[in-house]
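Please open the model in your viewer and keep the selection tool ready. This tour tells you what to select, one stop after another.

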Amino acid sequence: MSEQQYQQIAKKREPARSVFSNCIRAFLVGGTICVIGQAISQALVKWAHMTKEEASGPTIVILIFISVILTSFGVYDKLAQWAGAGSAVPVTGFANSMSSAAMEHRSEGLVLGVGANMFKLAGSVIVFGTVAAFFVALVYLIFGLKH
């Protein structure tokens with residue numbers, strides 16, 4: 001059997017995916033994550049007497065912590081399967097990818113297992129973010145823009 005024949009057979013047996021329902025699920029889950037983040041931020045402003053700018057850092061840390069806890073119990077992965085990009089795009093998806101890789105490779109040791117494999121997927125995101133931030137800063141510097 002050639003590769004093309006195999007691809008044709010596999011394509012016939014592949015379940016149909018509804019783009020519309022996938023978009024709705026991604027929107028609902030991504031939006032819910034954002035609403036939870038906003039609620040955490042508002043709670044920090046109200047009860048911890050922080051400004052909106054001061055509350056942004058702790059809000060992200062709390063969202064990452066919740067994501068790692070849900071990943072360790074296997075809940076976030078099930079949510080991600082159902083929601084798709086809605087759970088992968090926010091910072092919680094990045095935390096999930098790093099913590100699940102660390103958990104998966106912990107038996108190989110801290111350095112060669114956890115340390116090496118944790119950044120395989122996340123490394124490209126870190127590099128992209130660093131390079132993008134550099135170019136944005138360069139544009140701000142060249143054009144004298146202020147934030």
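The model is predicted, so local features are given at pLDDT of at least 70 and side-chain atom pairs count only at pLDDT 80 or more, while totals for chains, interfaces and linings use all residues. Residues are numbered from 1 along each chain as its sequence is written, and side-chain values use heavy atoms, with hydrogens and water left out.

Begin by selecting H49, which lies in the loop between helix 2 (19-47) and helix 3; helices here are DSSP runs of H or I with at least four residues, numbered from the N terminus. H49 is exposed, with a relative accessible area of 68%, where exposed means over 50% and buried means under 20% (1.4 Å probe, protein chains only). The phi of H49 is near 55°, a positive value. Most residues other than glycine have a negative phi.

Next, select residues 52-72, which form helix 3.

Which residues of helix 3 are buried? They are A55, T59, L63, S67 and T71, and what covers them includes helix 2, helix 4 (75-83) and helix 6 (91-104).

Now select S67, which is buried with a relative accessible area of 1%. Its side chain reaches the backbone oxygen of T92 at 2.8 Å. Leaving aside residues up to four places away in sequence, S67 touches Y76, T92, A95 and N96, a contact being heavy atoms within 4.5 Å.

Finally, select G74, which follows helix 3 and has a positive phi, near 80°.

Notes:
Helices (H or I, at least four residues) and strands (E, at least two) are DSSP runs, numbered from the N terminus. A polar contact is a pair of N or O atoms within 3.5 Å; within protein, one must be able to donate a hydrogen and the other to accept it, and residues adjacent in sequence count only if both atoms are side-chain atoms.
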